[in-house]
Amino acid sequence: MPVYVVKDKCDGCKGKEEPLCEQICIGDLMTLNSDTGKAYCRSLRDCWDCMSCTKICPKGAIEQRIPYQLGYHGAKLIPMLGTDSITWTCVDIEGKVERFSFRTRNKH
Amino acid sequence: MSDINIGVFFCTCEGEIEKAIALDSLAQEASGRPGVVAVRKDSCLCSEHGLGAIREDVNKFGLDRVLVAACSPSLKTKEFADLGINKYLVERMNFREQCSQSHPDNSEDATKKARALLGMSLEKIRHSKALEPVMVPAVRTALVVGGGVAGINAALDLAGAGAEVFLIEKKPFLGGRVSELHRYYPRLCPPSCGLELMFSKLESDPRIHVLTSSEVEGLSGSPGNFSISIKTSSSDPTKPSEKVQVRTIIAGAVILATGWEPFDPTALTEYGYGRLEHVITNLDFEKSAREQKQFLEQQKKTAFIQCVGSRDERHLPYCSDVCCMVSIKQALLLKQANPDNEITIFYNDIRAPGEYEAMYRQARTRGIQFIKGIPSELRQDAQGKISVSVFDLVAGERTEVAVDQVVLATGMKASGGTAELKNTFGLATNKYNFIESHLQCHPLDSQREGIFSAGCCRAPMDVSRSIESAGAATAKALRYLQGEIAVTPDFPVVDILKCDRCKRCVEECPFKAYSFDDKGFPQVDILKCRACGICMGGCPLGAISLGELSIEQLSGMLDVLDTSYLGEDEPVILGFLCKNDAYRAADDAGAKGISCPSNLISIMVPCSGAVNGMIISEAIAKGVDGILLAGCPDNQCHCIQGSVLAKTRLADVSNKLKEMYLEPERVRFASISRDDPEKFAATVKEYVEELKQLGKNPLRIQ
Amino acid sequence: MKKGLPKTIDEVEEVRIETDLLIIGGGNSGCFVAIEAKGKNPDIDVTIMEKAHIDRSGALAAGMDAINTYIGEGETPESIVAWSRAQVGGGPLREDLALSNAAILNQCVESLEAWGVPFKKDEKGRYKRRGRFDISIHGEQLKPIIAEKTKSYNPRILNRVAATNLLKDGDRVIGATGFGIRDGKFYVIKAKATVVSTGGAAGLYRSATNDGTTSHHQMWMNPFNVGTGYAIGIRAGAEFTLMEQRWCATRVKDFCGPVDTISVGYKAKMINAKGELILDSPRYSHLGGDTAPRYIRANAPMGEWSEGRGPTFVDTRHLSPNQVKDLKIDYLNERPTYVLFLASRGQDPAKEPLEIYGSDPYIVGGHTASGYWVDGDRMATLSGLFAAGECAGGMPNKFVGGCAAEGVLAARGTLKHISGMDHGNVDQDQVVAEKERVFSPLLRGATMEAKYTLPVGQDPRWQYDAVTPEEMEERLQRLMDEYAGGVGQFFKCNEEQLNYALKHIRMMKNQVNKLFATCLHDLVLVHDVVDRLDVAEVVVLHLRERRECRWPGWQTRTDYPEVDPSLDCYINSRRDLKTGEIEMLKRPYQQILPGDRTKAPSPIPLSAEKA
């Protein structure tokens, strides 16, 4: 399941050696293109869509997409992280918008 | 959490607060909250008796936390810091300026807002920690870089205050540019006189070590304990075998006095400097006056052209401060030496501030001509006479003057020495390469703690001001030379368990207070830190918190904020107001009776750059209708780039909201200056109206 | 492509570490090993070798929406073990391991709540039950929370280091070797005790939705768990059990994501194309219907499809809008892209039921009982070697909570073992040989000459006359699918197919010296396929050895369709290090809890529980 980096939003995490997406990817798939200074996914077919990169990107530059094998083009699933909660927006292929917001950490 | 004893104290402020807020009912509610064991209402908490009552209750009830509902937390800080409990365990609620005074029209709304504030503060205070200043040992040695008049005076002032001083100078001799002058104003005395006095004081003071032919090679360490390596080369060209010596000194503070360089007017080809004879600069004038007696005495016609290179978009866009007075001085010297000398000064404006006005008047009385207009070019004939053609703006007509020499009043540039040190010391300079931190409020800082500037490396200035600035820089530096530095415990702490080493904090810190530990995690040098919170604002994982304001506290406050505290149809705005400007403006609005909608609840932050994007997202997710980040206008931010960064981060959140089919207008930035409470109130009013149009936030946490 | 890569073995830097406890795999159970070991003995030196980054690595990467093993009111450790036993058709099941696990299960689960994971509660404040032993959580931050707790004990964490083999001193395991995925170094780690907790093995079989474009890794389990933990044990001569008991589960079709969330949590029943209830049909109702053993529930939809009654669904049309929202929130906590999947088809579960299908088979000792043969201290058959979580065999139905408890038990086992233990002696020849084995594909990649014309717009590796790891992986996956009972064959296999599979696995193993890597990421892929080959070989040998059909679906032998009572025992295997051959052996079942093993005592309903 592929993950795509929007080039106008990615700042390569300020072009340092390992952007956040590269640090967290469970499959060693996200990496920095040192020529463009932007991140990309080495192998779209190997992504397991855990969305760790999508969640951690401070610029919101990563988009999770579904392979055409599974579903049609244009649906979106966007996470927005708080420090103890997460809000998801899901848009289906007909443009219907759904939102889900729930707590992910209890405080002491 | 229920084993913390909280005391809540309401001040009626002699009725001022109570007339808009139903304090009795709030007191009743407070006493029912978990952990609240003491509640008191008083007419004047900041009075001796009021403070005494709090102290008594702290004792009697064994209070671990104190909540004070009174005037703005920016007032009476000393009073409420001395309550018999660590001052960081005291939380102030702004019930007056930003509540009862701002919302006088509808006391129900004021009470509702006060209730929401009470809830948030009770939550915040649970997470507060008792903090003590951190004492760091420091040396009582200072380094002064640059042996000109500013540097020398800094050294003398520092030694006078008890510090050991190393004064280093690149050239083999002290005195800097002043020693090149023939006379200086206002007394038209020779600089050698003043300099001799200074030199003898330097020599006789055992605490001052003068190192000439010496340069700084490198600097490391922190304020209080800088480690500086200095290279001293052989000053005697006949003894090249004398080795270069490198030594390291430890200094608590550094004053940079690396001076200035004259602007080279060759670039202004229309004036023919270097091409035409007898076209000289004001420094050339000084040199000639010193070296040749007849230079001043010989009768001739002289034209001075002001603002050569200065106030010029093509070269130095600023005013070099001294050139008007220098030309007036030089003109007076010419007149003094030979009353038949004819002098014309071509000017844009004459800048003779303060008492120097008298010199200007004197010049006019002595027959020195002043023509308002800057000549476009100089032409020299075969006899060497130079014709100066100009459009006289006062007379309104073109005029031409033939003279024997032209003195170009060239301005001051930042010196090469300053540029070299920029990298060594990690300094920030302004766009003209002068050292600068925050023009208005911190004129002598260098944007690096413990490193100050004096004299012309800071900005063009005359000798009197250079000497004054040396004294002022000394006063600032003394904090680091007492043998011990007390660091206020409001500096940031990084949660290593959450940190992913993305390095954003290290990069964005305007004061370069972060470095990496041996595992690559960021660590803050508390001596370099100014607790602006920009690191806290930028961390993508929310892993950094300030001593006085943590991510946990903010997240907790968002949990308890009732986003319908004014009713189902009224939007609620969370305002993060920077403590230097926007928060004060909001207070001021209340104090001046400028009414403001009660829809905004404010949280004071050290800088708008301290607000973390995750907290903003979380606020939206928890149902807040609008978020306002209010900070200083861009070029006035005390933390250099806080406002700029805040805007970038808000833009990121805004983009994310757009993608999520939420309204990006729910987050915004406002530049509010300290003295513009009207703008603050207007901003809030406008925002409330817009949010009413947008409707309530569709999000709430499940 | 070849810039900066070593050309000779001497250019590869070595890192040598000595530690007390080495944990291979920093997932759920691995972290619990560290937390327990350091918690009980703060002075112990603990090293975690983790292939990815501990903050999100492992099966919990996207989160988790439920803990499927919690002993609630009315249940006991014995009842959960009896239930687990019945779920696998009566066994075999190591009741000793299961009972010791159940004894500490709840406190492990409760510690997650203490660390900040939100648990759903009912009106009385008890954990809200969605199934007999299932409770619901919002686990999107589950792994980061566990990772933070682990980091707070300050173990040495080696992120981005992949384990390659165990180090041995005679029959003792004295540590392991690995290579740095980012730094390209060779790690030699000596340890007094080594715990293998690398999770299960995915990608042995082709997944149903595997295609030529972007869905190669469309599978239920984390595809980066390739079974390295099993492979290194196989190569070291440790004994394994029940490797034929593959976990083939019912999954939502195409997406291949969890379905228990829906079927158990929202009581959605399986139906076929005609709308008939599947598990209630005569074919399955005598086996318990909805409470039938898990392999029945896995096989049932496949049975419908193969007999022409597909597609199959879980019927969600009775769900209210709130329930649909809750369902989606559950998925957002575990496999968030399932919500995207539904959105990409414009599908509303309340209007259209959700399609289900079988999944490709996995070897996961936390779900079925395949894995290392271990004793009560979780020590394997090699001294100094322990297994935790999905790597430990003999006990099915561990899931997240049980694997956490396994981590705790393994930690206690290692602490007992470590006291008074020395480090053993590292055989330098072994190290040199291993370094050569690990890096030779990379050296090959750095020094090979291009032979063919460079195809424009295609992978530059096609210039070389060698084998890419992806090619070998795809070959293995299709081989296993067709000849070793993959989902493409409705899980069925016979002796001839299995022999065929073995033959070709061995041919591939002989060709691993043709694999090459042109970067460190590729080197990971090379070793992934090498490890998968070793695991696949053992799986096929076990499938062949068990000539019966005890758990159809998990293991379906068309040539031996009945249960053979003489095989009511463990089928184990062990490589003979002298000959290199895998020996098969049997071990008897030991029943501790009395009663009919195929039946689980009924749960005692909670007073507040309503249907």
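This passage describes the domains of chain B and the contacts that chain A makes with chains B and C in a predicted model.

Chain B is divided into five parts, labelled domain 1 (1–133), domain 2 (141–259 + 415–480), domain 3 (264–411), domain 4 (489–524) and domain 5 (530–702). Domain 2 of chain B is assigned as two segments, 141–259 and 415–480. Between the C-alpha centres of domain 1 of chain B and domain 3 of chain B, the separation is 67 Å.

The interface between chains A and B was examined next. Here, 25 residues of chain A are in contact with 27 residues of chain B. On the side of chain B that touches chain A, at least two residues are supplied by each of α13 (504–508), α15 (551–560), α17 (613–621) and α18 (642–659) of chain B. The largest share of this side is that of α17(B), which provides five residues. By class, the residues of chain B on this side comprise 11 nonpolar, 10 charged and six polar.

Chain A also meets chain C, with 39 residues of chain A in contact with 41 residues of chain C. On the side of chain A that touches chain C, the elements giving two or more residues are α2 (20–24), β6 (85–91) and β7 (97–103) of chain A. Of these, β6(A) gives the most, with four residues. The side of chain A that touches chain C contains 22 nonpolar residues, together with nine charged and eight polar residues.

Note on methods: Residues are numbered from 1 along each chain as its sequence is written. Chains are lettered from A and ligands numbered from 1 in the order in which they are written. This is a predicted model: local features need pLDDT of at least 70, side-chain atom pairs count only at pLDDT 80 or more; totals for chains, interfaces and linings use all residues. Two residues are in contact if their C-beta atoms, placed from the backbone, lie within 7 Å. Ala, Val, Leu, Ile, Met, Phe, Trp, Tyr, Cys and Pro count as nonpolar, Asp, Glu, Lys and Arg as charged, and the others, Gly among them, as polar. Domain bounds come from an automatic or database domain assignment.
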